[in-house]
Amino acid sequence: MSRSPRIPRRARLALAAAGLLAVLLFGIVVPVPGIVALRFSAPSTTAFLEARRERLAAAGKNTRIDRRPIPLERVSPHLVKAVLVAEDARFFEHHGIDWAAVKAARERNRRLPKRRPLGASTITQQLAKNLWLSSGRSWVRKGREAAIALTMELLLPKRTILEHYLSGIEWGERVYGCEAAARRYFGVPSSALTREQAAWLAAMIPGPRVFLGNPARHQRRTARILSRMARQTELYPLLAEETEEDDAR
């Protein structure tokens with residue numbers, strides 16, 4: 001019986017060093033402790049929020065920001081549905097990156113190069129960027145965003161990702177999270193938002209200040225979201241199913 005060839009000592013050391021380097025690089029690129037911490041509490045701040053504070057301070061403006069993290073149970077189901085159909089309709093189907101959306105966006109951008117580029121970031125990718133990254137468009141930043149998003153999907157339930165997303169994204173000047181947005185624009189808690197109010201808020205997400213400054217464009221996007229909400233019916237069963245699976249872990 002022939003023995004398998006032994007790997008030279010130098011090669012074993014090189015492999016071990018390469019493995020250690022990969023682990024160290026992964027730890028630098030992906031904030032694993034921070035991701036795990038999301039299971040237990042909302043982050044005290046985000047990279048995007050702090051960047052906004054710095055810009056306000058540089059302009060000599062008040063840096064106070066209204067942000068009120070809340071559990072998903074206290075968010076109107078209408079808002080959950082509006083945000084899902086507007087930002088990531090396949091949220092419960094992908095594992096951090098929607099490759100079908102990436103392919104469609106690439107083909108559309110190639111076909112219509114003069115139009116504003118179409119993005120394909122999932123809610124998970126948006127949360128990764130908001131929490132830890134910048135608004136830059138470099139390939140390095142996108143690569144890190146993808147790595148963080150894939151790790152988040154491995155370590156966190158979908159509803160936890162959705163909860164932190166809704167409680168952390170920008171919804172206008174100094175307004176962060178759905179609770180602050182609901183109270184700012186409608187004078188009600190997030191749990192009391194109507195279907196129309198939810199669609200109005202979801203329509204702002206890609207660029208709150210842009211849409212607030214262009215009411216007609218904002219209203220057209222709101223109408224499209226309301227139409228999608230009427231056609232999309234399977235989101236709630238998926239959310240309930242995901243909750244049951246997480247409770248069983």
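Tutor: Let us begin with a definition: angles between axes under 35 degrees count as roughly parallel, over 145 as roughly antiparallel, 65 to 115 as roughly perpendicular, and the rest as oblique. The model is predicted, so local features need pLDDT of at least 70 and side-chain atom pairs 80 or more, while totals for chains, interfaces and linings use all residues. Residues are numbered from 1 along each chain as its sequence is written, and side-chain values use heavy atoms, without hydrogens and water.

Student: At roughly what angle do the axes of α4 and α10 cross?

Tutor: Two packed helices are described by the angle and the distance between their axes. Here α4 (residues 77-87) and α10 (residues 195-202) cross at roughly 40°, their axes coming within 8 Å; they are therefore oblique to each other. Helices are DSSP runs (H or I, at least four residues), numbered from the N terminus. Axes are lines fitted to C-alpha atoms over the stretch in contact, with angles from 0 to 180 degrees between N-to-C directions.

Student: Which residues of α4 meet α10?

Tutor: His78, Leu79, Ala82, Val83 and Ala86 meet Arg195, Ala198, Ala199, Leu201 and Ala202 of α10, contact meaning heavy atoms within 4.5 Å.

Student: Which residue forms a salt bridge with Glu87?

Tutor: Side chains of opposite charge can pair when their charged atoms come close. A salt bridge places a side-chain nitrogen of Lys or Arg within 4 Å of a carboxyl oxygen of Asp or Glu. Glu87 pairs with Arg221 at 3.2 Å, N to O. This pair links helix α4 to helix α12 (residues 215-231), across 134 residues.

Student: Are Glu87 and Arg221 buried or exposed?

Tutor: Both Glu87 and Arg221 are buried (under 20% relative accessible area; exposed is over 50%, partly exposed in between; 1.4 Å probe, protein chains only).

How values were computed:
Helices (H or I, at least four residues) and strands (E, at least two) are DSSP runs, numbered from the N terminus.
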